[in-house]
Amino acid sequence: MKKIDEKYFITPPEDINNQTLDSALQGDEKILWRAKPKRKSFILNSVLKGASIGLIFLIFDVCFITLMVLGFQVGEVELPIGMIIFLLFFFLMHLTPFWMWIYGIISASRKQKLEEYAFTNKRIIVKKGFVGSTIISIYYDSLVSVNLKVGIIEKMCHVGDIYLVSKNEKVVLEDIENPLFISQKLQNIANDIKTDIIYPNNLRPSGNNGYKTEYISDDINNK
């Protein structure tokens, strides 16, 4: 029986809260393309996302509180301190959609700095996070669909969102520059690698030139 090497899974200490995209690379893995969300459109989308609901709750509560205060002043009724504390707590909780909107705006800048995407010669790597880090890997042979969405803000900022669906994951590459070109290149890579797995080069007829599965960064970055 072959002896198992107990040291095989022993890894050096690593700060999991400061993971980088490069730290997720395997030994022979090469990055073909990498990008971050465009800052302007990413933050602008965060400002607009949830703005309508947050502002409706704020306006409603401000109007209600104003009418209530004016009503008590007209009636010359003094509220007990316990009731004031209760109402204050109630309206703070009732404004949860507004606080969530504000939190999204404040955290957008840090999220944009930490978020990064990469295509390698083996897979797609997506790094997201705010407090901690989440690194998602999608191998090309598991990719089911690549969809592109360009909204009003994205169109103004000349970016787009690329939606990736695999057998196990659904992720969005947000606010990507040259989105149509990048999504087309990604689909070509996925198709080539899937075909190479199903029909290896050595098994093809001599008249079949095969697919290009050995990619370099210039294949994506050059237009």
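Me: Buried means under 20% relative accessible area, exposed over 50%, and partly exposed in between, with a 1.4 Å probe and protein chains only. Which class does K128 fall in?

Reply: K128 is partly exposed, at a relative accessible area of 22%. This is a predicted model, where local features need pLDDT of at least 70 and side-chain atom pairs pLDDT 80 or more, while totals for chains, interfaces and linings use all residues. Residues are numbered from 1 along each chain as its sequence is written, and side-chain values use heavy atoms, leaving out hydrogens and water.

Me: How many salt bridges are there, and which ones involve K128?

Reply: Side chains of opposite charge can pair when their charged atoms come close. A salt bridge is a side-chain nitrogen of Lys or Arg within 4 Å of a carboxyl oxygen of Asp or Glu. The count is five. K128 pairs with E115, with the closest N and O atoms 2.8 Å apart. Shared partners join E115, K128 and E174 into one network.

Me: Are E115 and E174 buried or partly exposed?

Reply: E115 is buried at 5% relative accessibility, whereas E174 is partly exposed at 22%.

Me: What does R34 pair with?

Reply: R34 forms a salt bridge with E116, the closest N and O atoms being 2.8 Å apart. R34 is in strand 1 (residues 31-35) and E116 in strand 2 (residues 116-120), so the pair ties together parts 82 residues apart in sequence.

How values were computed
Helices (H or I, at least four residues) and strands (E, at least two) are DSSP runs, numbered from the N terminus.
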